[in-house]
Amino acid sequence: MADSTKTAKLTIDGKDYELPIHSPTAGPDVLDIRKLYAQAGVFTYDPGYTSTASCDSTITFIDGDEGVLLHRGYPIDQLAAKSHYLEVCYLLLYGELPSPSELEDFEHRVTNHTMLHEQMMNFFRGFRRDAHPMAVMVGVVGAMSAFYHDSTDINDPWQREVASIRLIAKMPTIAAMAYKYTIGQPFEYPRNDLDYASNFLRMCFAVPAEDYVVNPILSRAMDRIFTLHADHEQNASTSTVRLASSSGANPFACIAAGIACLWGPAHGGANQACLEMLKEIGTPDRIPEFIARAKDKNDPFRLMGFGHRVYKNFDPRATVMKESADEVLELLGVENNPTLQVAKELEKQALEDPYFADKKLFPNVDFYSGIILEAMGFPTSMFTPIFALSRTVGWVSQWKEMIGDPQNKIGRPRQLYLGETARDYVDIEKR
Ligand code: SDX
């Protein structure tokens, strides 16, 4: 915690209170209210945590007004252009870019943990074939705590390290198996001679009946999508992982909780909802109808892939994703993809509309990602599992940071109670 030199004065019922203010290395100052209830007997009130810092962290910084996203200080556009996902994983986990030998060792450790315990296959077979892959991932990742007992003691740094590597390594295998199961095809085992993204593509699209050669264009695009989704400060699913971890629950159970939260359409489920929306719009001439619905206070419809709690300018990930969509679809010879055309026209019309401009609503990371994933051959139901796969390193990095913090304590918010005050029970005969 940064030392506080500044204070804020608060006056309640004529009594003055001084609260320390902490200054960050970047971003807004924070008002330290930890002693407020003990001193003044009042709570703060912030549903949705729009003005609340839940922790201090050194992992990811976002400036929503400037459209800045830094991972350990490195801008996301530079990482997407020059790095690759496992190197970004190392950076998020350990705080610095790896040396060549450090990277080689890390990639070797991840590669050699990609297989899943053979008995876990039974979990997949317990689901209906039409189960959503996210339901399968929540179940299977939670079940990992029943198989990997030697990496569930969060107080043992070595077990924390092993659990971190296992989760990052096995998530692509689990996601691919969840996909294969829903389409009735046999599981494909990971291969140690393939890089992380190529391995995932092969496990998803290879079949025993023929050889499968990974398309390097798709593998590079897949790796970039993983990088763009790796971490994002204290978003809803990361906050879920932190809150679950604060009780001392094992890492697999906490990551399963993060997957469950990410599934929601307001969060990681938006990429699936966005592509389904673009397909429902179908042609550019129907865009005004949907923009009108998004602006109608009486219509719950929102433009999926638009808006963000933090970004009140462009989402830097969406910028990279849009460039990648153009590149991948052109290389695949589908640059005239009608869904991409609708997306670009929708973005143009929305950004020219005062409603979106005034409310600072811009395309977010989910607006273009689905178009690329669909062009790569994924069904919409696999979009959020791919987001969960990518975000695992962010959840794990934030979990390690929290567990390793001596200030760590169980998270337990209070409330503004508006219910009944104390009253006596009324016997049923008298009601
Ligand atoms: C992710 O937090 C993260 O970092 C998340 C994420 C990550 O990497 O972890 O970036 C990933 O979740 C991206 C967001 C994906 N979700 C969507 O694309 C779903 C559509 N977007 C919205 O549901 C919404 O924008 C949120 C949930 C993303 C943000 O909601 P907020 O911050 O609570 O904002 P709000 O709901 O208070 O909206 C402010 C105003 C409202 O109008 P008023 O009540 O002020 O009149 O803007 C309107 C909203 O109605 N609005 C929209 C809109 N989003 C907000 N109107 C139409 N379409 C939209 N998409």
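Author: What follows describes the ligand site and then the sheet. The model is a predicted one. Around the ligand stand 24 residues. His 232, His 308, Arg 309, Arg 317 and Arg 391 are the closest of these. By residue class, the shell around the ligand comprises ten nonpolar, seven polar and seven charged residues.

In the side chain of Arg 309, an N or O atom lies 2.8 Å from an oxygen atom of the ligand. For Arg 302, the distance from a side-chain N or O atom to an oxygen atom of the ligand is 2.9 Å. Leu 303 takes part through its backbone: a polar atom there is 2.8 Å from a nitrogen atom of the ligand. Taken alone, the ligand would expose 1000 Å², and the protein buries 78% of that area.

Now the sheet. The sheet is open and consists of three strands, in the order β1-β2-β3, with antiparallel pairing. The edges are held by β1, residues 6-12, and β3, residues 30-31. Each of these two strands has a single partner, so one side of each lacks a neighbour in the sheet. Strand β2 covers residues 15-22 and pairs with β3 in the antiparallel sense over two bridges. In this pairing, Ile 21 is placed opposite Leu 31 of β3.

Definitions and conventions: Residues are numbered from 1 along each chain as its sequence is written. This is a predicted model: local features need pLDDT of at least 70, side-chain atom pairs count only at pLDDT 80 or more; totals for chains, interfaces and linings use all residues. Side-chain values use heavy atoms; hydrogens and water are left out. Two strands pair if DSSP finds at least two bridges between them. Helices (H or I, at least four residues) and strands (E, at least two) are DSSP runs, numbered from the N terminus. A residue is near a molecule or strand if one of its heavy atoms lies within 4 Å of it. A polar contact is a pair of N or O atoms within 3.5 Å; within protein, one must be able to donate a hydrogen and the other to accept it, and residues adjacent in sequence count only if both atoms are side-chain atoms. Accessible areas come from the Shrake-Rupley method with a 1.4 Å probe; for residues, only the protein chains shown count as cover. Ala, Val, Leu, Ile, Met, Phe, Trp, Tyr, Cys and Pro count as nonpolar, Asp, Glu, Lys and Arg as charged, and the others, Gly among them, as polar.
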